[in-house]
Amino acid sequence: MRRERMPFAGMLEQLAPDESPAAFMVRQAGTRQGLARLFGRMTHPEVETLVHDLDFWARREQVPPASFSTCFIMAGRGFGKTWSGARWVIQKAREAKSIGALIGPTAADVRDTMIRGTSGILALSPPWFMPVYEPSKRRVTWPNGVYAICYSADKPDRLRGPNCGWAWGDEPASWKHEMAALDQLPMVLRIGTAAHPPQLLLTGTPRPLRKLEELLFADAEAKTLRPGVVLRTGSSLANRANLAPSAVATMRALMNTRWGQQEVLGRLLMDVPGAIFGSAKWGRVEADAHEYARGLDRRIVSVDPAPTSETGSDETGIVVQGVRSSPLVGTDGAPLKRVSGNRPANDVSASLKASLGRARRAPRVPMG
């Protein structure tokens, strides 16, 4: 039986980010009598259609835009990220244009969270568009013939061969093997046109990982997104109506801590606690490394060795830092110091001016 969806998606731009059409209409009705007048004349099939219309219940921040190549819904725990991903997948299945892919940290996560979870695909699908889940085939198939193949991020080599037009990846920051599955996805998403490119939806809690930075940002320091990339953020508290009061109280108590800003407020914290330079911008200088190093007053080479030589072990980190006197002097008459690192560059004069403009007194580093 085909049910016509109500046009609630068009209301979204009129709503606050944490508001749904359902909440908006309740607020407009004001009273139980107002709600009765608003919905009292609906027939039973219309009520059932409304109950299963995900656009009616979706907060604006949970709905990706129509056009994107990569959209990351990066939000706090309990925000409704899985709900958002499942809703989007059902929408893509309705469009019946191409097959899709579902990727989770493990096969169990795909099965128990993305498909069978309380906010998963099976729970959100209406009875008249209920898919069939076949674990042995790693496949979810909808009544119109569209299907999605299930993949585990801990086996990234399996992401070879499929020809997909869309994919939903859940909690990519938890994917093993340095998120190697994320590298495979561009080669999997091959169905689309210039006007309607393949689409990747990611849902998860933020973590300051280099691969995610490279995926999302053309300039991570300036938070400039790559073309075609959309970043949606949100707080756990936006979904407080559906959370236990005790959980909401705990979140409120933690939200001003660093951990709470990430896990509750959904903020991507780029600075690492204890880092020497934080997120300071670096001037870039192109020069021969050896000649440049000879002009430094101090040079420090730091080595963080890998614990093992096995496959998957962390790499050995080597950082060279130096400092030299600047032709500028501070208000106390003492020369300012210029800190240099081993980062590449492409513009000598511009970076030199920028570095001198940002010159600061260097901290004294004890020498052994």
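Modeller: In this predicted model, the largest nonpolar core holds 32 residues, of which Val 89, Leu 102, Ile 115, Ile 121, Trp 142, Trp 166 and Trp 168 touch the most other members. A nonpolar core is a set of buried Ala, Val, Leu, Ile, Met, Phe, Trp, Tyr and Cys residues joined through side-chain atoms within 4.5 Å, where buried means under 20% relative accessible area, exposed over 50% and partly exposed in between, with a 1.4 Å probe and protein chains only. As the model is predicted, local features need pLDDT of at least 70 and side-chain atom pairs count only at pLDDT 80 or more, while totals for chains, interfaces and linings use all residues. Residues are numbered from 1 along each chain as its sequence is written, and side-chain values use heavy atoms, with hydrogens and water left out.

Biologist: Which element gives the most to this core?

Modeller: Helix H5 does, with six residues; helices (H or I, at least four residues) and strands (E, at least two) are DSSP runs numbered from the N terminus.

Biologist: What does Trp 142 touch, if residues up to four places away in sequence are not counted?

Modeller: Contact means heavy atoms within 4.5 Å, and the residues that Trp 142 touches include Val 89, Ala 93, Ile 121, Phe 129 and Trp 166.

Biologist: How should I read the sides of a helix, and which residues of H8 are buried?

Modeller: An α-helix has 3.6 residues a turn, so residues three or four places apart point the same way. In H8 (residues 176–188), the buried residues are Met 179, Ala 181, Leu 182, Gln 184, Leu 185 and Val 188. They cover an arc of only 165 degrees around the axis, which puts them on the same side of H8; the arc is that of the directions from the helix axis to the C-beta atoms. His 177, Glu 178, Pro 186 and Met 187, on the other side of H8, are exposed, whereas the cover over the buried residues includes E2, E6, E7 and helix H9 (210–216).

Biologist: What is the order of the strands in the open sheet?

Modeller: Strands of a sheet pair through backbone hydrogen bonds, either parallel or antiparallel. Here two strands pair if DSSP finds at least two bridges between them, and the eight strands follow the order E3-E4-E5-E2-E6-E7-E1-E10, with mixed pairing. Strands E3 (132–134) and E10 (229–234) stand at the edges with a single partner strand each, so one side of each is left without a neighbour in the sheet. Within the sheet, E2 (residues 100–104) and E5 (residues 147–152) run parallel and are joined by five bridges.

Technical notes
The expected span of a helix is 1.5 Å times one less than its number of residues.
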